[in-house]
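Please look through the sequence and the model before reading on.

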Amino acid sequence: MLCRLGGRRLRPLCALQLGAWGPQRAPTPAGGTERSALPLWAVGSVSAVSPGGAGGWYEALATSAPVQGAEELLLGAHTATGLPWWGSILLTTVALRGSITLPLAAYQHYILAKVENLQPEIKNIARHLNQEVAIRANQLGWSKRVARLTYLKNMRRLVSELYVRDNCHPFKATVLVWIQLPMWIFMSVALRNFSTGAAHAQGFSVQEQLATGGVLWFPDLTAVDSTWILPVSLGVINLLIVEIFALQKIGMSRFQTYITYFIRAVSVLMIPVAATVPSSIVLYWLCSSCMGLSQNLLLRSPRFRQLCRIPLTKGDSDTPYKDLFAAFYSKFISRK
């Protein structure tokens with residue numbers, strides 16, 4: 001018995017299968033004077049941790065090939081541009097985010113837009129499949145459990161076929177996370193190696209250069225930002241990113257709501273964490289978050305989405321920035 005659903009044929013339901021289910025030491029700078037009041041965990045050299053101790057995993061990470069590649073990238077940018085270290089960190093961050101994460105973010109939006117456009121067809125298939133399963137359940141005397149398992153099994157199969165047909169499996173949208181998160185970790189560890197004197201290049205200590213490579217209120221990039229300006233700015237930018245995401249989602253599920261609250265909490269907790277690490281790392285985090293915010297806003301532009309061939313969806317707006325400002329104003333300013 002066959003039934004046509006939205007131009008597709010279901011398999012005969014009689015043939016549907018019912019499958020089962022060591023302590024660290026802070027390094028002493030040349031001259032015997034302490035450079036900063038960093039916590040021991042933030043300034044201890046990775047070389048002081050024994051491979052068999054509790055810090056063995058971190059030593060392996062700090063000396064890994066990806067981290068060494070990040071160090072070479074930072075040194076190469078600094079040497080090629082001749083910029084002070086704060087400028088080299090900023091430039092490298094912008095280059096990485098612009099050349100790697102921006103295209104991946106555009107691809108993520110492309111996949112999510114195609115998935116969103118499939119929802120009406122998925123709902124139509126679900127309605128017809130539910131009716132046919134109900135009919136077969138009455139004919140064959142299936143229990144509610146058997147009928148539900150049959151429905152779920154075949155619904156998953158049909159939806160998977162749709163994803164294959166349109167080449168838009170939702171898992172592809174997670175590629176950005178699998179690239180961006182490791183890159184963020186490797187760059188952070190590389191900057192920590194530089195700031196603690198654990199990395200050297202061509203006979204000179206990068207730590208000594210970072211000590212005078214800052215600007216404004218953080219001239220020493222190996223020291224913490226005692227003013228808390230960088231850490232607080234980092235928290236504010238991250239919260240802005242979260243709120244922009246939340247404002248563009250109407251009728252979020254309970255799971256999405258929990259995830260949003262969790263990310264808000266992480267953004268706030270990053271402030272005291274950032275206040276205990278060298279300013280070079282916090283500067284990288286702040287630059288990366290600023291690029292993330294800019295990237296988020298850019299991907300709302302109808303022209304840029306058209307340039308990236310991102311399909312139009314029902315929720316797209318011709319005035320995204322005006323709508324965002326209105327939603328932000330309504331939620332945080334005019335709310336009584």
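Which residues are exposed on the other side of H3? In this predicted model, they are Ala65, Glu72, Thr79 and Ala80.

## Helix H3

Helix H3 covers residues 65-81. Its 17 residues should span 24 Å at 1.5 Å a residue, and the end C-alpha atoms are 24 Å apart, which agrees with that expectation. The buried residues of this helix are Val67, Ala70, Glu71, Leu74, Leu75, Ala77 and His78. Seen down the axis of H3, these buried residues fall within an arc of 160°, so they line one face of the helix. Just after H3, Gly82 takes a positive phi of about 70°.

## The protein as a whole

The protein contains 12 helices and four strands. Of its 336 residues, 41% are buried. The accessible surface comes to about 19200 Å², and carbon and sulfur atoms account for 63% of that surface.

In soluble globular proteins, nonpolar side chains tend to be buried together. Here, the largest nonpolar core has 36 residues, and Trp85, Phe194 and Trp285 are those with the most contacts inside it. Among the elements that give two or more residues to this core are helix H2 (56-62), H3, helix H4 (85-140) and helix H6 (175-196). Helices H7 (206-210), H8 (229-247), H9 (254-274) and H10 (279-298) also belong to that list. The largest share, eight residues, comes from H10.

Ser267 lies in helix H9. Because its relative accessibility is 5%, Ser267 counts as buried, the cut-off being under 20%. Leaving aside neighbours within four places in sequence, Ser267 is in contact with Gly235, Asn238, Leu239 and Val242.

Lys314 is found in the loop between helix H11 (302-307) and helix H12 (320-333). With a relative accessibility of 85%, Lys314 counts as exposed, since the cut-off is over 50%. Not counting residues up to four places away in sequence, Lys314 touches Glu116 and Asn117. Lys314 and Asn117 are 197 residues apart in sequence, while their C-alpha atoms are 7.7 Å apart in space.

Terms used. Residues are numbered from 1 along each chain as its sequence is written. This is a predicted model: local features need pLDDT of at least 70, side-chain atom pairs count only at pLDDT 80 or more; totals for chains, interfaces and linings use all residues. Side-chain values use heavy atoms; hydrogens and water are left out. The expected span of a helix is 1.5 Å times one less than its number of residues. Buried means under 20% relative accessible area, exposed over 50%, partly exposed in between (1.4 Å probe, protein chains only). The arc is that of the directions from the helix axis to the C-beta atoms. Accessible areas come from the Shrake-Rupley method with a 1.4 Å probe; for residues, only the protein chains shown count as cover. A nonpolar core is a set of buried Ala, Val, Leu, Ile, Met, Phe, Trp, Tyr and Cys residues joined through side-chain atoms within 4.5 Å. Contact means heavy atoms within 4.5 Å.
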